[in-house]
Amino acid sequence: MTDEALANPCNWRVRGKVAKDITVVITICELVHTCPSHLHSWRASATAKWLANVLGNQVINNPSISVTQLQDVFRNEYGRHTSYKAMWKGKEAIMDHIQGSESSSFQCIPAFCDTLKVLDPGAYAELETYPGTRHFWRIFVCPTALGRAFPHLRPHIGLDACHSKNHKFLGQVLLATAMDGNNHVNYLAYAVVDKENEENWTWFLLLLRRAVVGIGAVGVQFVSDRCKGIVNAVKEIFPGQSHTHCTAHLERNVKQRFGNKMVDMFKFNALKRSKYKEVLQAITATSAECAQYVGNIDPKTYTAYAVPLPRFGHTTSNLVEVANSCVLPLRAYAPFKLCYQLYLYLMELKARRQKEAAEMQGLFTPYASDVLRKHEEFAGSYRVRMASANQTLVQSNMKDFIVGTFPTVSCTCLSYMDMVIPCPYVLAVEKESRRNSDRLMGRMWTVDAYVAAHRLTLPPISTLQLKLDAYCLPPPVAMKKGRRHIRRIPGPGECSQTATASSRQATRDYTDAVDTPVDDNMTNMEGVIQEPPLKKSKLCSHCRGSGHNKRTCPTRQVSVPPETIDPTLGEIPSQRSGYADFTETQNITEPPLFSSQEVTAIIRPLKDASEGSQGTNNPGEAVEGPFQGRSSV
């Protein structure tokens, strides 16, 4: 076998043969190129199969890596360029080797749901197909360890959806999370659906209410954004429950619509626990549109003064955004692989939390103990003044707060009611009264609650035990035919909605035709009368005017080439400019007497005669002939 360079004069050649022991023996090796570099540097000899073997570890470690990134890795390691198509096929081969065929993986979903229900009694694993078909629609998963942990967590649930990044089977991952006493995110349930809409959110929350213990109790709050049917779904499944909106999403909307100045006022309006009406009046005085937008949002869904407490300091949906970032590497898989890998991630997470809970000592979790210790340090510097048996005034260098002790402990700073951890002012009163403040801590901050939340774990499930079931088939993938539509000027007889890229040339011919009559009553394909499309005007690149170009611009001064200038006759325009340019340089407004060819025929003999003479004619003198009576340049 021989490999030669593309260029014939090049001497680069490598020749070898296969020996009997299946080894390759190189017989000729000329490695010096004499051809241009562009003939041998661009060609990519790597095939998709070879790329799959070489870059397999890169895709296994990071399934969401893009094809362009793989091309950069290959170029850095091997110094060669490979085509995008070959690299894309190589990645597809790797993904098929890792998770098998994406289409056949849907047949494992029924067996996964049945196995989870057998190994974990009490778990919810619901699979639904499109009505009347066997094509996959959505799946809901809530193991028992997740559903029974909620009574020991903070009663504050985050809801959100994130996109699946699989190029073939697109979808959405719905998540429900809550925080434990050590400030860790805990998953309650997850689902893989085709898209985020009100129907899927209603289905998800209905199963969530059945699977999660204590989720319908009084005092449970939900936090999410305000998009795609989630608000109506929460109202339908959890009527009467508090549902707050993420202030970060609201701030982003205000910034995009009304600018940075209104964002600062909106933050003050959302985060301050007083002066809501005063701030709203200031927003009205600055921007009436912004005041109308903010006024249409219920204050009980985002403002600190109106949201029911405890809120545990969550003004945004970060408790579920953190969960989205954790599953980010898994979102490139197909629906079943994503669902299974997320299950394995939660299984390992629960095992780590259970081990951490067994090693905890003391009465409260490390997070709650640190917060309580910081509050006690501030409480020692405050001055306590008893006002009555039930109220106490606590004075600091900056502000004064009133602490109530009956019937329940409260503080005008609202920090204790929000976090259920004694604030510095409550601790100052408790210290003055010589009472133990541990009784005021919420139960979710105790070590016992943390241990109970992570007492159960997820049973291991192996994909080798799952049997393929033809009951579940891949979802139908709607592929768009043809090229995508491009926005352009519509042609005659069509509107912008019916214009396609295939009629681009007809539109160009129509708009370029100056003398084409335009009918005022043109109709489109549906028979609807449309206004005639306007001809796109072309501007002069010299004066930016319309109706002419740079060559025919009236304000442009024409420069005369040196070879057309005669010392005896003065400046004479070139043949290209014609007699019109000659008259412009002389500021003559009368119509031209001769054409450019006639002027050339007259000037050339005069020029030859002047070269043969002694040069007696001076510039400025009259010249005999057709130009007699005209002054030269």
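Because the model is predicted, local features need pLDDT of at least 70 and side-chain atom pairs count only at pLDDT 80 or more, while totals for chains, interfaces and linings use all residues. Residues are numbered from 1 along each chain as its sequence is written, and side-chain values use heavy atoms, with hydrogens and water left out.

The protein has 22 helices and 18 strands. Helices (H or I, at least four residues) and strands (E, at least two) are DSSP runs, and they are numbered from the N terminus. Of the 633 residues, 42% count as buried. Here buried means under 20% relative accessible area, exposed means over 50%, and partly exposed lies in between, with a 1.4 Å probe and protein chains only. The accessible surface of the protein comes to about 36,500 Å², and 52% of this belongs to carbon and sulfur atoms. Accessible areas come from the Shrake-Rupley method with a 1.4 Å probe, and for residues only the protein chains shown count as cover. Among the contacts with a separation of 6 or more, 59% are between residues 24 or more positions apart; contact means heavy atoms within 4.5 Å.

Consider next an open sheet of seven strands. Its order is E4-E5-E8-E7-E6-E9-E10, and the pairing is mixed. At the edges stand strand E4 (124–129) and strand E10 (242–245); each has a single partner strand, so one side of each is left without a neighbour in the sheet. On average, neighbouring strands of this sheet are turned by 20 degrees against each other, direction ignored. Two strands are said to pair if DSSP finds at least two bridges between them. Strand E9 (residues 221–224) pairs with E10 in the parallel sense, over four bridges. In this pairing, Ser224 stands opposite His245 in E10.

Is Ala161 buried or exposed? Ala161 counts as buried because its relative accessible area is 14%. Leaving aside residues up to four places away in sequence, Ala161 touches Gln172, Val173, Leu174, Glu196, Trp201 and Asn324. Ala161 and Ile230 are 69 residues apart in sequence, and their C-alpha atoms are 10.0 Å apart in space.

A second open sheet has four strands in the order E11-E12-E13-E14, with antiparallel pairing. Its edges are strand E11 (383–386) and strand E14 (410–411), each with a single partner strand, so one side of each is left without a neighbour in the sheet. Strand E12 (residues 391–395) and strand E13 (residues 400–404) run antiparallel and are joined by five bridges. Thr392 has Val403 in E13 as its bridge partner.

How many salt bridges does a search of the whole structure find? The search finds six. A salt bridge is a side-chain nitrogen of Lys or Arg within 4 Å of a carboxyl oxygen of Asp or Glu. One of them links Asp72 and Arg75, with the closest N and O atoms 2.9 Å apart. Both residues lie in helix H3 (residues 67–78), three residues apart, which is about one turn of the helix. Asp72 is partly exposed at 33% relative accessible area, and Arg75 is partly exposed at 34%.

Another salt bridge joins the side chains of Glu126 and Lys117, at 3.9 Å from N to O. Glu126 is partly exposed, with a relative accessible area of 28%, and Lys117 is partly exposed as well, at 36%.

Glu430 forms a salt bridge with Arg439, with the closest N and O atoms 3.0 Å apart. Glu430 counts as buried at 3% relative accessibility, whereas Arg439 counts as exposed at 52%. Glu430, Arg435 and Arg439 are linked in a network of salt bridges.

The last stop is on the surface. Val18, Val24 and Ile26 form a nonpolar patch there, with about 280 Å² of accessible area together. Patches are made of residues with over 30% relative accessible area and no salt bridge; like charges are joined within 9 Å, and nonpolar side chains (Val, Leu, Ile, Met, Phe, Trp, Tyr) within 5 Å. Ile26 is placed in strand E3 (residues 24–30) and is partly exposed, with a relative accessible area of 48%.

Methods
Axes fitted to C-alpha atoms, helices over the stretch in contact; angles between N-to-C directions.
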